[in-house]
Amino acid sequence: MKIAIIGYGKMGHLIETIAKERGNKVVCIIDADNTDDFNTPEFKSADVAIEFTTPSTAVSNILASFAAGVPVVVGTTGWTDSLPDIKDMCEKGAGTMLWASNFSIGVNLFMAFNRYVAAVMNDFPEYSPEMTEIHHIHKLDHPSGTAITLADELIGKVDRLNRWEEPQPGKTPNDHALMINHVREGEVPGTHIISWDSSVDTITLRHEAKSRVGFALGAVKAAEWLKGRKGFFSMADMLSEVTHTKGLFV
Ligand SMILES: NC(=O)C1=CN([C@@H]2O[C@H](COP(=O)(O)OP(=O)(O)OC[C@H]3O[C@@H](n4cnc5c(N)ncnc54)[C@H](O)[C@@H]3O)[C@@H](O)[C@H]2O)C=CC1
Ligand SMILES: O=C(O)C1=N[C@H](C(=O)O)C[C@H](O)C1
């Protein structure tokens, strides 16, 4: 199939390599210096575009893809205040998009394990959860999109929690808040840790990406799956259809 790449940075380069290895043709690459190319026949010929740019540019790239009539897989994080409006547009037929805070199959399994553990822990108030995400020093947003997804899903299962917070100097954490810590060091591709702590022990769930390959491969597979569909989709929609794990992802 024909793929357009929006954002030719660390993820964009890897997506180009993996898309070609899987037999796809990359028909157009848009980066910060050629954003007028959304109007070209090359971009408009793409079956699906894949967008990995920055928190401040994702929304305009999504809208430009919709205007060009090209369905778009979006991995950019840090812009999701606008997600309800974009989802609404897709549901009204103005565009097609698949968004995920994390395209790695391992992280999507980790998300399922997190939901299961949180549901169990709802009945064990002696355990308090906390989350830490560790990423490379170039990352623009915090907490990571993945941490926000994990936190929202955990909070949804635990009656004693109603929001997440980041630590603030001099401020005592609220009893009903899940704390999310972020660490920026070196070139760490992405590590997420969820711990459940009691006075006598700690239970820890940890996912550690070894490289960005899992993210890029998942995004290319999502693009291949999105071809020919219309509406708004998540990784869960794709995984629940292509795997036989009934109820695990949605
Ligand atoms: N959902 C997922 O699985 C993953 C999401 N990400 C997210 O993807 C985004 C990009 O990550 P990286 O590739 O590591 O960043 P990067 O900084 O290496 O690349 C971003 C690219 O976007 C380009 N860009 C900036 N403005 C643009 C515009 N208006 N139009 C087109 N391109 C533009 C930059 O020139 C740069 O080449 C980040 O938000 C990151 O958090 C990263 C890895 C996995
Ligand atoms: O910026 C990154 O690199 C990553 N961003 C995503 C996020 O914010 O969750 C996914 C992955 O952890 C890598």
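Tutor: Helix 1 (residues 10-21) gives the largest share of the shell around ligand 1, namely three residues. Please keep in mind throughout that this is a predicted model.

Student: Which residues come nearest to ligand 1?

Tutor: Gly7, Gly9, Met11, Thr57 and Gly75 come nearest, out of the 26 residues around ligand 1. By class, that shell holds nine nonpolar, 14 polar and three charged residues.

Student: Which residues surround ligand 2?

Tutor: The residues around ligand 2 are Thr77, Ser101, Asn102, His135, Lys139, Ser144, Gly145, Thr146, Gly190 and Phe215. Each counts as near the ligand because its C-beta atom, placed from the backbone, lies within 6 Å of it. The classes in this shell are one nonpolar, eight polar and one charged.

Student: Why is ligand 2 said to lie between domain 1 and domain 2?

Tutor: Both domain 1 (2-103 + 212-242) and domain 2 (105-208) contribute residues to the shell around ligand 2, and therefore the ligand lies between them.

Student: How far apart are the centres of domain 1 and domain 2?

Tutor: Taken over C-alpha atoms, the centres of domain 1 and domain 2 are separated by 27 Å. The contact takes 12 residues from each side: 12 residues from domain 1 and 12 residues from domain 2. On the side of domain 1 that touches domain 2, helix 7 (213-226) and helix 8 (235-242) each supply at least two residues. The residues of that side divide into three nonpolar, eight polar and one charged.

Student: Why is Phe215 called buried?

Tutor: The term requires 20 or more other C-beta atoms within 10 Å of the residue's own. Phe215 has 23 such atoms within 10 Å, and is therefore buried. Phe215 is found in helix 7. Setting aside residues up to four places away in sequence, Phe215 touches Met11, Gly75, Asn102, Phe103 and Ser104.

Student: What makes Ala4 a buried residue?

Tutor: The cut-off is again 20 or more other C-beta atoms within 10 Å. Ala4 has 27 of them within 10 Å, so Ala4 is buried. Ala4 belongs to strand 1. Apart from neighbours within four places in sequence, Ala4 is in contact with Val27, Cys28, Phe43, Ala46, Ala49 and Val70. The C-alpha atoms of Ala4 and Val72 are separated by 9.0 Å, and these residues are 68 residues apart along the chain.

Student: Why are the buried residues of helix 3 said to line one face of the helix?

Tutor: In helix 3 (residues 58-68), the residues Ala58, Asn61, Ile62, Ala64 and Ser65 are buried. Seen down the helix axis, the buried residues fall within an arc of 165°, so they line one face of helix 3. They pack against strand 1 (2-6), strand 3 (48-51), strand 4 (72-74), helix 4 (83-91) and strand 5 (97-99). Just after helix 3, Gly69 takes a positive phi of about 75°.

Student: How do you know that strand 6 and strand 8 pair?

Tutor: Two strands pair if DSSP finds at least two bridges between them. Strand 6 (residues 128-135) and strand 8 (residues 177-184) have six bridges in the parallel sense, and so they pair. Met131 stands opposite Ile180 in strand 8. Strand 7 (residues 163-165) and strand 8 also pair in the parallel sense, over three bridges. There, Trp164 has Leu178 in strand 8 as its bridge partner.

Student: In what sense does strand 9 run with strand 6, parallel or antiparallel?

Tutor: Strand 6 and strand 9 run antiparallel, joined by seven bridges. In strand 9, Thr191 is the bridge partner of Ile134. Strand 9 and strand 10 (residues 202-208) pair in the antiparallel sense over seven bridges, and His192 stands opposite His207 in strand 10. Strand 9 and strand 10 form a hairpin, with four residues between them.

Student: Which residues form the covered face of strand 9?

Tutor: The covered face of strand 9 (residues 191-197) holds His192, Ile194 and Trp196, while the uncovered face holds Thr191, Ile193, Ser195 and Asp197.

Student: Which residues does a cis peptide bond join?

Tutor: The cis peptide bond joins His142 and Pro143, with omega about -10°. Pro143 is found in the loop between strand 6 and helix 6 (145-157).

Key
Residues are numbered from 1 along each chain as its sequence is written. Chains are lettered from A and ligands numbered from 1 in the order in which they are written. This is a predicted model: local features need pLDDT of at least 70, side-chain atom pairs count only at pLDDT 80 or more; totals for chains, interfaces and linings use all residues. Ala, Val, Leu, Ile, Met, Phe, Trp, Tyr, Cys and Pro count as nonpolar, Asp, Glu, Lys and Arg as charged, and the others, Gly among them, as polar. Domain bounds come from an automatic or database domain assignment. A residue is buried if 20 or more other C-beta atoms lie within 10 Å of its own, exposed if 12 or fewer, and partly exposed in between; C-beta atoms are placed from the backbone. The arc is that of the directions from the helix axis to the C-beta atoms. Two residues are in contact if their C-beta atoms, placed from the backbone, lie within 7 Å.
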